[in-house]
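Please look through the model below before reading on. My notes follow as numbered points.

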Amino acid sequence: MTHVLLIRLAGPLQSWGLVSRFTRRDTHSRPTKSAVIGLCAAALGLDRTADLNAEDLPLAELRFGVRADRPGVPVRDYHTVGAGRFPLRPRDIITDHRRAAAVSRSLEAQTGDTFGHHELANWYGAPKKITKDPVSAGLISEQVARDALITERWYLADAAFLVALEHDDKRLLEKIAQALEHPRRLLWLGRKSCPPSGTLACGVHEGAIEEMFATKALLPDAEADARPWAWIQASPGAAAAAPINDQPDTFEADERSHTLRWETRTRITIAETATGWDVLL
């Protein structure tokens, strides 16, 4: 007999990147399996190098499904970071001798017993090519001048999803549920700027994902007569199944990789006897 952990993912903003690279950060229309498994791994306090197929925590084996009770509205953020001028602090000069050299004339002209106001152009922004400085032995950026970085970032606003994780080990699912409500690390809905709201873990239930989606009431604020779309993991090559590249293989920082899995897309008819919600939403 299989069991299903239901997880509510809702918040002001969510972003589930599927092909995000460099200056364009997209969002999928729904949470990806990789992101949800990563969320669970963070809650459990696992390291990025953790084996996702470990015998005691086979997170990658979990069957995955998501029901879109409130699909949300796509929001585009035109994001600019860096460049321009910025005032120096004493620590900026202490930690990087190159800054001290660049602003030396301004420092020499300074009078009085205060640090004063000193500026550098094109030194503000995210550091790139971090390396160990041979002079100070501290970490510095090899790239002194920092041009403006312009990115296009997409989010889902006011969305709410019901995610299901299925496995025959009830204790495994209960352990994940406990961790989601008492996480060992910070949790977010795809990006660090998207914290979740309310209760995440909504109980472990006996049955399969298809049954849970049909017998659990829609999340609050969903359309009362809606028949939400759901995407449910299926066997490779199953009828009407389509591939998606979000099966996590490893979360190692320099070797992150994903493989294909299969899923079906279907409308869910909520049963008249569907159970409601008794958790903080």
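1. Which residues of H1 are buried? They are Lys33, Ser34, Val36, Ile37, Leu39, Cys40, Ala41, Ala42, Ala43 and Leu44. Buried means under 20% relative accessible area, with exposed over 50% and partly exposed in between (1.4 Å probe, protein chains only). Helices (H or I, at least four residues) and strands (E, at least two) are DSSP runs, numbered from the N terminus.

2. This is a predicted model, where local features need pLDDT of at least 70, side-chain atom pairs count only at pLDDT 80 or more, and totals for chains, interfaces and linings use all residues. Residues are numbered from 1 along each chain as its sequence is written, and side-chain values use heavy atoms, with hydrogens and water left out.

3. Because 10 of the 12 residues of H1 are buried, this helix is largely enclosed by the rest of the structure. Gly45, which has a positive phi near 80 degrees, follows H1.

4. Not counting residues up to four places away in sequence, Leu59 touches (heavy atoms within 4.5 Å) Ile37, Ala41, Leu44, Leu46, Leu52 and Ile176.

5. His28 is in the loop between strand S2 (24–25) and H1. His28 counts as buried because its relative accessibility is 17%.
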